[in-house]
Amino acid sequence: MARTLSIIGAPSSAGAYAPGQEKAPSTFRHHGLVTELERSGLDVVDRGDVGGFRWRPDPSNSKAMNLETVRNVAKELAAVVTTALDDEHNVLVVGGDCTIELGVVAGALTRYASLGLIYIDVDADLNPPVASDGALDWTGVAHLLDLPGAANELAGLAPRRPMLSAADILFFAVANVTDGEAETIRVRNLSMIGLQEVKSNPIEAARRATQWARSFDTILVHLDIDVLDFADFPLAENTRRGLGLTLEELSAALFELRALPNRRVLTVTEVNPDHAPDEAESFRRLIGLLSQTLAE
């Protein structure tokens, strides 16, 4: 029997570099997200938004700006995700900056112990605050793994710590890796399918990810729209050009990942409506992609 899909908005840019991402959940809805998902055959429940926050500088904590707010948003999101999963729903979370994934994982861990995360992003987000420039949204995976220097407020959100082990994470389309992150990947033997591998053959790369995912009872997919080349599809928070997937390459990979019977949550982050040259058209295409990915 097909599962109902719960939508949860996380309108926060607390962990970001600038405002904008907090507008994404309302913009998705404005441009017909729920209607399009229902048109694709899904039974949809919109659970509304958790508490929002518009980015502002935090000079009192230069290495982990807006830490308390990031924690509060993630904690509230974890509770709503848990409720949706307890209702036997699949979940679509629309953010919001990357730190919301901490709440998604924390919420899922209250129900599932065998949990794998496919992390679709050009960035690895393996920088603890001590190695960061103050923006927490590229520290998310560091906190999931509880790397040295992780903030207790974030690494301790879930029933267990660390939330995930190195064997529980697969980086997909990663390319922008610092020296410190590369060392962490090497020492911890983190699994990864690099950007060029995905670009060369998105379908085969997704099949490899599917094979990796079969050992888990439950799979979460994190989709950072920064994985798209900004010159091809300008909607992400990061405006990098010449580095990333085309929308067609991402679409091919996500369509293949539909084969995962154990996928329960898709989280979409780093969408900045202010960067869209044509908001209606950009969201029409992105919503179409999500509808194709989530359709039963």
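**Close-up 1. Helices α9 and α10 pack at an angle of about 35 degrees in this predicted model.** Helix α9 spans residues 202-213 and helix α10 spans residues 247-257. Their axes lie 8 Å apart. The crossing of α9 and α10 is right-handed. From α9, Pro202, Ile203, Ala206, Arg207, Ala209 and Thr210 take part in the contact. They meet Glu249, Ala252, Ala253, Glu256 and Leu257 of α10. By type, the residues of this contact are seven nonpolar, one polar and three charged.

**Close-up 2. Eight strands build an open, parallel sheet.** The strand order is β2-β1-β3-β8-β7-β4-β5-β6. Strands β2 (44-49) and β6 (191-194) stand at the edges. Each has a single partner strand, so one side of each lacks a neighbour in the sheet. From one strand to the next, the twist averages 15 degrees.

**Close-up 3. Strands β3 and β8 run parallel, joined by four bridges.** β3 covers residues 90-95, and β8 covers residues 263-269. Valine 94 stands opposite valine 268 in β8. Helix α11 (residues 279-294) packs on the sheet. This helix touches β1 (5-10), β3, β7 (218-224) and β8. The direction of α11 makes about 170 degrees with that of β8.

**Close-up 4. The second largest pocket holds about 180 Å³ of space.** Its lining comprises 14 residues. Closest to the pocket centre are Tyr17, Asp123, Asp137, Asp226 and Asn238. The lining divides into nine charged, three nonpolar and two polar residues.

Notes
Residues are numbered from 1 along each chain as its sequence is written. This is a predicted model: local features need pLDDT of at least 70, side-chain atom pairs count only at pLDDT 80 or more; totals for chains, interfaces and linings use all residues. Side-chain values use heavy atoms; hydrogens and water are left out. Two strands pair if DSSP finds at least two bridges between them. Helices (H or I, at least four residues) and strands (E, at least two) are DSSP runs, numbered from the N terminus. Axes are lines fitted to C-alpha atoms, for helices over the stretch in contact, and angles run from 0 to 180 degrees between N-to-C directions. Contact means heavy atoms within 4.5 Å. On a 1 Å grid over the protein atoms alone, a cavity is a set of points where a 1.4 Å probe fits but cannot get out, and a pocket is an open set with protein on both sides within 12 Å along at least five of seven lines; lining residues have an atom within 4 Å of a point. Grid points are joined across faces, edges and corners, and a volume is the space filled by probe spheres set on the points. Ala, Val, Leu, Ile, Met, Phe, Trp, Tyr, Cys and Pro count as nonpolar, Asp, Glu, Lys and Arg as charged, and the others, Gly among them, as polar. A crossing is left-handed if the near helix is turned anticlockwise from the far one by less than a right angle, and right-handed if clockwise.
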